[in-house]
Amino acid sequence: MIAGVDQSLNTYMATARENPVEWSSSLLGAELWSKEREMLELLRDNRRVAVASANGVGKTYTAMIAAMAYLESHAPGYVVITSSSWTGVYKSLFPELKRI
């Protein structure tokens, strides 16, 4: 029985790591548009990613999904989230985390 649980956990972690778009869709019910999917794939494949775009297009929401997928696939692990100010974290990132 434990071997089956371990295999299921390994499959779950591998999906979060290797296909964060599928993971976010199946687990979180996220309906991502093409650029949000592209951001997750770039984050999966690259150590550093910069996204330049307008306000309100989903960067913060996608960043929170990426952080959650990373935590789910690299246990035990941690994610450091920064902003230019505490207000930026509190007013932008936390609401997106609650939304998820």
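**Ground rules.** I am reading a predicted model, where local features need pLDDT of at least 70, side-chain atom pairs count only at pLDDT 80 or more, and totals for chains, interfaces and linings use all residues. I number residues from 1 along each chain as its sequence is written, and my side-chain values use heavy atoms, with hydrogens and water left out.

**Helix α2.** I looked up which residues of α2 (residues 20-28) are buried, and found Pro 20, Val 21, Trp 23 and Ser 24. Seen down the helix axis, the buried residues of α2 fall within an arc of 165 degrees, so they line one face. That arc is taken from the directions from the axis to the C-beta atoms. Buried means under 20% relative accessible area, exposed over 50%, and partly exposed in between (1.4 Å probe, protein chains only). Helices here are DSSP runs of H or I, at least four residues, numbered from the N terminus.

**Salt bridges.** How many salt bridges are there? I count 2, each needing a side-chain nitrogen of Lys or Arg within 4 Å of a carboxyl oxygen of Asp or Glu.

- Lys 35 and Glu 38 pair at 3.1 Å, N to O. They sit 3 residues apart in helix α3 (residues 34-45), so about one helical turn separates them. Lys 35 is partly exposed at 42%, and Glu 38 is partly exposed at 35%.
- Arg 44 pairs with Asp 45, with the closest N and O atoms 2.7 Å apart. Arg 44 is partly exposed at 35%, while Asp 45 is exposed at 51%.

Definitions and conventions
Helix = DSSP H or I, 4+ residues; strand = E, 2+ residues; numbered from the N terminus.
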